Amino acid sequence: MRSFGRHLLRSALVTAVLAFGLVDTAGATGRVDNPYAGARVYVNPEWSALAAAEPGGAAVADRPTGVWLDSIAAVRGESGRMGLRDHLDEALRQGADLVQLVLYDLPGRDCGRLASNGELGTEDLPAYRAQFVDPIAETLRDPAYAGLRVVAVVEPHSLPYLVTHTAWRPDWTQRCEAVKANGAYVNGVGYALAALGAIPNVYNYVDVSHHGVLGWSDNRKPFLEVLARAVNAAGSTPANVHGVIANTANYSVLREEYITKSVVGGQPILQTRWVDWNPFIDELSYASTLRRELVANGFDAGIGVLVDTSRNGWGGPKRPTRSSTSTNVNTYVDESRLDRRLLVSNWCNQVGAGLGERPVASPAPGVDAYVWMKPPGLSDGASVPLPYPGENHDRMCDPDYTGRPDATPDPSGAWPNTPPAGTWHSAGFQELLRNAHPPL
């Protein structure tokens, strides 16, 4: 069994409490308990060059970020861009021990959004398996790369949408209904886990969204059932999962350290507009509870956790330095919270965000690493409709959007004048540098 005790011993001086677990794969495959421990993590030269070209960007250009395989062409490389094999060869040249990959091309990808819909239709599971997953697995099986640890983040923003964006939730979409009905997400994730999990030096981490999506029990409980189906689908077993990743490409803070009261002026903070009856207000509290629930649902107590901290620093002059003294419960929460978004579910190019904790191994008990899986500076989506291949305009990226007409106004909090998803947003990167916390 992978030892949760080793995590605790390794991080005994860290106060945050977080633990996860699945099944032991180390004995059978030679995998280590924490792939990040002692590893030199690959720096993507394509992202590094973009960061270094920005004023002040050299301060972070040497940080490791995730390599997003978001299309079939991205696996082989095209139009002068590096493919998977190019990245692996460059990792060897750098003397790296670990490469971080993000698989992101499910049929009907990101069914709850428009900005990041992929190239495959909801019925294209055979193409996903044969043209996307199989070539990735074939490349990773090359003996030349056997000495590299490969962290594979499997399909962010997928399984949670089978709960939060299916009928008859307020935000349900026909695409999410389609992939729920035909099993494209569950079977696609299961197939990827099985194909990559059979490779001894690959470490699969499954996306579990963040507390602002799955914090509520009527979302989290059904998600655990969906996750259980996926890790046992298409020939996979829980043994193919080395861990989970929270907050991928998102903005939720690790700890809301200044919200210390549960009741203010006789009113519970749960009822505030920001908290909105969510039992969690930050990522580490969410992940700790999710771990216990995974174990209670049959998972072993040894998997690790990754938390994406690439954009959750929320520093700068607007960052609170103490708890509010207000006796009004809404004012207390708004003046105390570190996360400055207008709504915790806002996800597109958020104004005021900053770089978070730097990538580091074993930062807290049960946490394998804080990572920058989303490369800072890459746009989440265009703020206005653009004639760009594969770009579907999502109103959540429009700074003037205030939500559904039948709902309470919910401004998007997005940047104006942003480019299409996955392309460089210089102004946004500059703000991430300015608002970094810890400061650069």
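This is a predicted model: local features need pLDDT of at least 70, side-chain atom pairs count only at pLDDT 80 or more; totals for chains, interfaces and linings use all residues.
View 1. Helix α5 spans residues 84-94, and its buried residues are L84, H87, L88, E90, A91 and Q94. These residues lie on the same side of α5, because they cover an arc of only 160 degrees around the helix axis. In general, an α-helix has 3.6 residues a turn, so residues three or four places apart point the same way. After α5 comes G95, a residue whose phi is positive, near 75 degrees.

View 2. T248 counts as buried because its relative accessibility is 3%, and the cut-off for a buried residue is under 20%. The side chain of T248 is joined to that of D207 by a polar contact of 2.9 Å. When neighbours within four places in sequence are left aside, the residues in contact with T248 are W68, P156, H157, D207 and D308.

**View 3. The largest cavity of the structure, with a volume of about 120 Å³.** This cavity belongs to a set of 4 cavities of 30 Å³ or more that the structure holds. Its lining is made up of 14 residues, and those that lie nearest the centre of the cavity are Y251, R311, H425, G428 and L432. Sorted by class, the lining of the largest cavity comprises 6 nonpolar, 6 polar and 2 charged residues.

Terms used:
Residues are numbered from 1 along each chain as its sequence is written. Side-chain values use heavy atoms; hydrogens and water are left out. Buried means under 20% relative accessible area, exposed over 50%, partly exposed in between (1.4 Å probe, protein chains only). Helices (H or I, at least four residues) and strands (E, at least two) are DSSP runs, numbered from the N terminus. The arc is that of the directions from the helix axis to the C-beta atoms. On a 1 Å grid over the protein atoms alone, a cavity is a set of points where a 1.4 Å probe fits but cannot get out, and a pocket is an open set with protein on both sides within 12 Å along at least five of seven lines; lining residues have an atom within 4 Å of a point. Grid points are joined across faces, edges and corners, and a volume is the space filled by probe spheres set on the points. Ala, Val, Leu, Ile, Met, Phe, Trp, Tyr, Cys and Pro count as nonpolar, Asp, Glu, Lys and Arg as charged, and the others, Gly among them, as polar. A polar contact is a pair of N or O atoms within 3.5 Å; within protein, one must be able to donate a hydrogen and the other to accept it, and residues adjacent in sequence count only if both atoms are side-chain atoms. Contact means heavy atoms within 4.5 Å.
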